[in-house]
Amino acid sequence: MGEPYLLDVKHLTKIYPTGIIGRKHIVAVDDVSFNLPGDKSIITALAGESGSGKTTIAKIVLGLLKPTSGEVLYKGKNIFKMSKKEFFNYRKEVQAIFQDPYGTYNPFYKVNRILELPIKKFGLASSKSEVKKMIAESLMTVGLSPEEVLGKYPHELSGGQRQRIMLARVFLLKPRLIIADEPVSMLDASLRAEVLDVFQKFRAEFGISSLYITHDLSVAYYLSDNILILYRGKVVEMGDIDAVVKTPAHPYTQALIKSIPIPNPEKRWRERLKLDLESFRLTEVRSGCAFYDRCPKAMEVCAKNKPEMVEIEKNHYVSCHLYT
Ligand code: SF4
């Protein structure tokens with residue numbers, strides 16, 4: 001038997017059963033499946049508009065939220081059935097980076113303390129000099145010089161430096177996987193590439209994979225090897241980033257790509273896409289294709305039956321009746 005997937009997300013569904021906004025059932029995530037290989041490191045983008053379910057998926061994968069159904073397997077083990085010790089180890093190997101590092105930092109802690117805490121929590125060093133060495137190494141790995149940032153408070157650093165401190169903190173733990181939720185969306189375009197390049201360095205030099213959540217297709221294109229396109233909680237297309245971006249198959253992906261000159265980090269979907277997004281933030285339980293009411297190619301079958309995911313070329317999958 002070969003090595004299990006590093007991460008294997010199977011039929012993940014999250015339904016909110018309460019009467020939110022006057023509806024009975026709200027489907028935030030609808031039967032989402034994907035995996036990350038265990039034998040090589042890759043960056044997979046989870047891309048979708050606001051309300052597409054991408055952050056809910058991230059929270060479930062991190063064990064912060066329980067799915068209504070479906071499983072998240074890490075190295076073959078269901079994370080919701082792990083023992084305390086196994087889950088502690090899982091959260092060491094699977095680290096999170098969020099949009100706003102301020103939300104994670106204690107503003108009264110200097111950078112030194114921020115970096116010392118995980119070393120202590122996970123017992124990574126046996127002496128003060130080792131702690132110092134580890135911190136210096138991790139800062140240099142993310143392109144910061146220790147003299148530049150140590151002894152400072154988070155508010156004394158630039159946004160790009162703060163995000164790189166988060167990456168240095170994560171690097172100390174030598175994770176196998178990073179779950180990153182829009183970590184560059186608050187940065188100027190000029191600083192974005194610097195932070196994104198750290199993710200690529202982590203993958204190429206240290207074998208760290210990333211699940212990178214974004215609403216910005218140009219960031220996904222710049223950074224990732226694979227992409228999943230989410231629409232109303234469902235994966236509508238996925239696979240190799242070049243195949244999906246250069247030859248999009250799903251009518252929704254086609255509309256997205258058409259609306260964005262690529263690569264151009266200045267353009268975001270939300271600003272360009274002329275679709276009525278606000279009314280579809282969350283979706284009700286329904287039959288048929290989720291894109292039916294906005295699809296220029298909709299057929300009769302699309303209203304009744306949900307399309308299956310099919311492979312249309314190597315590592316390029318689409319969920320649409322045009323291909324079944
Ligand atoms: Fe359009 Fe039908 Fe394909 Fe849905 S299944 S995207 S409605 S053609």
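Tutor: Ile 229 lies in strand E9, which covers residues 226-231. Please keep in mind that this is a predicted model.

Student: Is Ile 229 buried or exposed?

Tutor: Ile 229 counts as buried, because its relative accessibility is 1% and the cut-off for buried is under 20%.

Student: Which residues is Ile 229 in contact with, leaving aside its neighbours within four places in sequence?

Tutor: The contacts of Ile 229, with those neighbours left aside, are Ala 47, Leu 217, Lys 234, Val 235, Val 236, Glu 237, Val 244, Tyr 252, Thr 253 and Leu 256.

Student: And how many residues apart in sequence are Ile 229 and Ala 47?

Tutor: Ile 229 and Ala 47 are 182 residues apart in sequence, while their C-alpha atoms are 5.1 Å apart in space.

Student: Let me change topic to helices. At what angle do H3 and H6 pack?

Tutor: Two packed helices are described by the angle between their axes and the distance between those axes. Helix H3 (residues 111-121) and helix H6 (residues 159-172) pack at about 25°, and their axes are 9 Å apart. That angle makes H3 roughly parallel to H6. The crossing of H3 and H6 is right-handed.

Student: Which residues meet there, in H3 and in H6?

Tutor: H3 contributes Val 111, Ile 114, Leu 115, Pro 118 and Ile 119, and these meet Ile 165, Ala 168, Arg 169 and Leu 172 in H6. The residues of this contact of H3 with H6 comprise eight nonpolar, no polar and one charged.

Student: What about H4 and H6, at what angle do they pack?

Tutor: Helix H4 (residues 128-141) packs with H6 at an angle of about 125°, and the axes are 8 Å apart. H4 and H6 are therefore oblique to each other. The crossing of H4 with H6 is right-handed. On the H4 side the contact is made by Met 134, Ile 135, Ser 138, Leu 139 and Thr 141, and on the H6 side by Ile 165, Ala 168, Phe 171 and Leu 172. The residues of the contact of H4 with H6 divide into seven nonpolar, two polar and no charged.

Student: Now for the aromatic rings. How many aromatic pairs are there?

Tutor: The count comes to nine aromatic pairs, with ring centres within 6.5 Å as the rule. In one of them, the rings of Phe 171 and Phe 206 have their centres 4.7 Å apart and their planes at 70°, so the pair is edge-to-face. This pair links distant parts of the chain, as Phe 171 is in helix H6 and Phe 206 in helix H7 (residues 189-206), 35 residues apart.

Student: Which residues form one aromatic cluster?

Tutor: Tyr 74, Phe 87 and Tyr 90 form one aromatic cluster.

Key:
Residues numbered from 1 in each chain as written. Predicted model: local features only at pLDDT ≥ 70, side-chain atom pairs only at ≥ 80, totals over all residues. Heavy atoms only, no water. Axes fitted to C-alpha atoms, helices over the stretch in contact; angles between N-to-C directions. Helix = DSSP H or I, 4+ residues; strand = E, 2+ residues; numbered from the N terminus. Parallel < 35°, antiparallel > 145°, perpendicular 65-115°, else oblique. Left-handed = near helix turned anticlockwise from the far one by under 90°. Contact = heavy atoms within 4.5 Å. Nonpolar A, V, L, I, M, F, W, Y, C, P; charged D, E, K, R; others polar. Phe/Tyr/Trp six-rings, centres within 6.5 Å; stacked < 30°, edge-to-face > 60°. Buried < 20%, exposed > 50% of the residue type's maximum accessible area, 1.4 Å probe, protein only.
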